[in-house]
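Here is a briefing on one protein chain. Look over the sequence and the structure first, then read the points by topic.

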Amino acid sequence: MTSVNHAVQRSIKHFFKSNFQSAKRVVSTSPRKDQGALALQMDIAENNIQKCPFLKLPTEERDTMVTPNTNQVSNVQPFDNIPGPKGLPIVGTLFDYFKKDGPRFNKMFQVQQQRSAQYGEIYYEKIADFESVIVSSPEEYNRLVRSEGKYPCRREMAPMAYYNRKKGYALGIVNSQGQDWYNLRTVVSKKMLKLSEVSRVSENVGEVADDFVQRLSALRDSTGQVPDLDKELFKWAMESIGTFLFEERIGCLGNQPTQNALSFIENLSGFFQNLQVLMYSIPLYKIWPSKTWKKFENCSDRIMTLGDMFVEKKLASMQDNKDSKSALISHLVSNGTLSRKEITGLMTELLSAAVETTSSALTWALYSLARNPKVQADLFDEITEAKLKNGGPLSAEKLAKLPLVKAVLKETLRLYPISYTSSRYIQDDLQLCGYTIPAGANLYGMFHNHDYFPEPEKFLPERWLKENKMDAMIKSASQLVWGHGARMCLGRRLAEQELHITIAKIIENFQLNYHGDEVQPILNTTMVPDRPVNIQFSRRHISEDTVFNKTD
Ligand code: HEM
């Protein structure tokens with residue numbers, strides 16, 4: 001027993017040593033507005049330098065790193081001067097969150113907003129081993145965006161990475177860094193981010209949206225509400241992304257959705273819910289699997305098994321039928337760079353990244369439209385007028401390009417940024433001497449700040465229309481909802497296309513109403529509603545020769 005106790009003590013000691021060795025802080029890149037031009041603050045003592053913990057720089061890049069230009073060093077502000085909540089040793093401000101909303105961390109975006117109001121546009125916080133400098137001004141964050149190197153380094157999602165290493169899976173695009181990340185991303189980025197590639201599946205995405213409209217119509221109860229709307233939106237999201245990844249229908253929207261697809265969706269929900277808790281907690285799961293960890297691990301196991309089944313099934317059918325050339329999976333097979341195991345891992349990762357994000361975005365868009373009848377009417381008019389001009393129904397591709405449709409999505413993601421923060425280990429300006437500050441933009445705070453967006457709590461898609469001339473810097477910061485630079489969201493073009501087409505088709509067919517209480521956003525890794533969103537769908541009767549319509 002004593003030897004077991006010693007072993008446990010030793011392993012706890014080792015755990016704390018490896019996880020919480022406090023890195024000495026060296027740099028401040030906190031140019032306050034009153035300092036004017038960029039003034040980097042550096043303490044260049046070699047042994048104080050903290051590097052991106054993940055970055056494996058190629059030798060030649062490492063060799064070209066230079067010492068800082070001392071001309072820049074003025075108005076010195078040591079890193080420790082960055083304001084922020086003090087916190088305790090080791091755990092930092094962890095207990096603040098326990099007091100606020102229990103150990104779920106699902107209101108972090110609001111805490112960031114409050115902290116920014118208290119400390120200003122830059123502050124430092126350490127929550128357990130999660131250290132960040134949080135920036136909430138578009139100007140400041142744009143500087144960081146501009147300083148991106150060839151291998152942008154984002155904080156690893158530690159529980160996911162730990163799971164993958166433990167089970168012998170590759171880290172994937174989301175968690176790999178440096179050259180490994182670059183190699184993997186290069187295989188898919190052209191296919192995923194090129195508009196011409198993405199629009200090749202627009203008609204298929206349109207068909208999924210049509211089926212979804214039919215399904216919503218059929219599922220409505222006597223009050224016009226769709227039971228378990230959240231689950232239906234998940235099914236839509238999975239079916240939609242399937243058109244690009246596999247170029248075939250997964251089978252989520254039929255009367256009897258495939259059990260595997262349903263199980264994938266269910267486990268994905270559990271995966272994200274538990275990931276949110278594990279991300280900010282002390283990573284004790286590395287030595288003692290907690291209940292939350294076990295749930296996370298079970299969901300991850302199931303997701304990997306199901307992903308493997310989807311991919312294997314598709315690969316087997318591709319051997320018989322060589323037709324589906326535009327599917328991403330065919331591209332990966334013919335490209336020949338990745339092994340079968342790597343292809344499976346990547347496809348499962350993309351499927352996982354796609355479903356919760358796009359279904360949450362569509363939920364928020366429908367909720368916002370349901371509460372804003374005027375915007376809905378304008379959107380319906382835009383679609384109807386475009387149809388009249390076109391002399392008939394619009395292709396999915398044309399629907400996706402309507403200005404107000406696009407503005408509705410932008411405004412939805414401003415109010416509810418699905419990924420509430422965008423973060424980097426700073427490399428470029430500061431990489432000059434190998435410094436690192438993990439920095440994140442407080443997107444929620446930025447997007448809800450009346451200095452940047454007048455009447456920030458109102459859903460006003462028209463603010464995005466060309467004629468209203470939004471300030472270019474604010475417009476560019478708003479893109480941060482997709483991240484930025486070489487590491488920007490890989491699914492952005494696909495997600496936008498799916499969402500534009502589906503929003504347009506839903507408004508073309510239904511008038512939406514919402515009579516419930518105001519829904520609040522919470523974090524399940526992505527930003528989701530805190531309760532079921534019971535929207536009423538009234539079917540429009542569209543007549544061919546008039547822009548007016550009746551609803552039932
Ligand atoms: C509304 C929908 C979505 C939003 C708001 C969103 C947002 C984001 C954000 C903010 C990032 C971090 C980017 C950065 O650090 O610069 C990201 C990364 C990523 N997203 Fe999305 N995403 C969405 C949909 C999708 C979809 C549909 C897919 C897959 C088809 C996808 C795949 C990925 C991948 C693989 C990464 C990691 C990229 C890398 O590290 O190189 N996302 N996403």
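**Hairpin, core and salt bridges**

T525 takes a positive phi near 75° in the hairpin of β8 and β9, which has one residue between the strands. The model is predicted. The protein chain has 22 helices and eleven strands.

**The hairpin**
- Strand β8 covers residues 521–524 and strand β9 covers residues 526–529.
- The two strands β8 and β9 pair in the antiparallel sense, over four bridges.
- I522 has V528 in β9 as its bridge partner.

**Chain totals**
- Of the 552 residues in the protein chain, 54% count as buried.
- The protein chain exposes about 25400 Å², and carbon and sulfur atoms supply 52% of that area.
- Among contacts in the protein chain with a separation of 6 or more, 74% come from residues 24 or more positions apart.

**Nonpolar core**
- In soluble globular proteins, nonpolar side chains tend to be buried together.
- The largest nonpolar core here holds 148 residues.
- M238, L512 and F537 touch the most other members of this core.
- Helix α15 (residues 340–370) gives the largest share of the core, 15 residues.
- Beyond its neighbours within four places in sequence, M238 contacts I250, C252, A261, F264, I265, F310, L351 and V355.

**Nonpolar surface patch**
- L88, F95 and F98 make a nonpolar surface patch of about 290 Å².
- F98 sits in helix α3 (residues 94–101).
- With 38% relative accessibility, F98 counts as partly exposed.

**Salt bridges**
- The count of salt bridges is 24.
- D210 pairs with K505, and their closest N and O atoms are 3.0 Å apart.
- D210 is in helix α10 (residues 202–219) and K505 is in helix α22 (residues 492–509), so this pair ties together parts 295 residues apart in sequence.
- D210 is partly exposed at 34% relative accessibility, whereas K505 is buried at 11%.
- R249 bridges to E239, with the closest N and O atoms 2.6 Å apart.
- R249 lies in the loop between α11 (229–245) and α12 (259–280) and E239 lies in helix α11, so the pair links parts ten residues apart in sequence.
- R249 is partly exposed at 35% relative accessible area, but E239 is buried at 1% relative accessibility.
- E455 forms a salt bridge with K458, the closest N and O atoms being 2.7 Å apart.
- E455 is partly exposed at 45% relative accessibility, and K458 is partly exposed at 44%.

Terms used:
Residues numbered from 1 in each chain as written. Predicted model: local features only at pLDDT ≥ 70, side-chain atom pairs only at ≥ 80, totals over all residues. Heavy atoms only, no water. Core = buried A, V, L, I, M, F, W, Y, C linked by side-chain atoms within 4.5 Å. Buried < 20%, exposed > 50% of the residue type's maximum accessible area, 1.4 Å probe, protein only. Contact = heavy atoms within 4.5 Å. Patch = residues over 30% accessible without salt bridge, like charges linked within 9 Å, V, L, I, M, F, W, Y side chains within 5 Å. Areas by Shrake-Rupley, 256 points an atom, 1.4 Å probe, with all protein chains shown as cover. Salt bridge = Lys/Arg side-chain N within 4 Å of Asp/Glu carboxyl O. Pairing = 2+ DSSP bridges.
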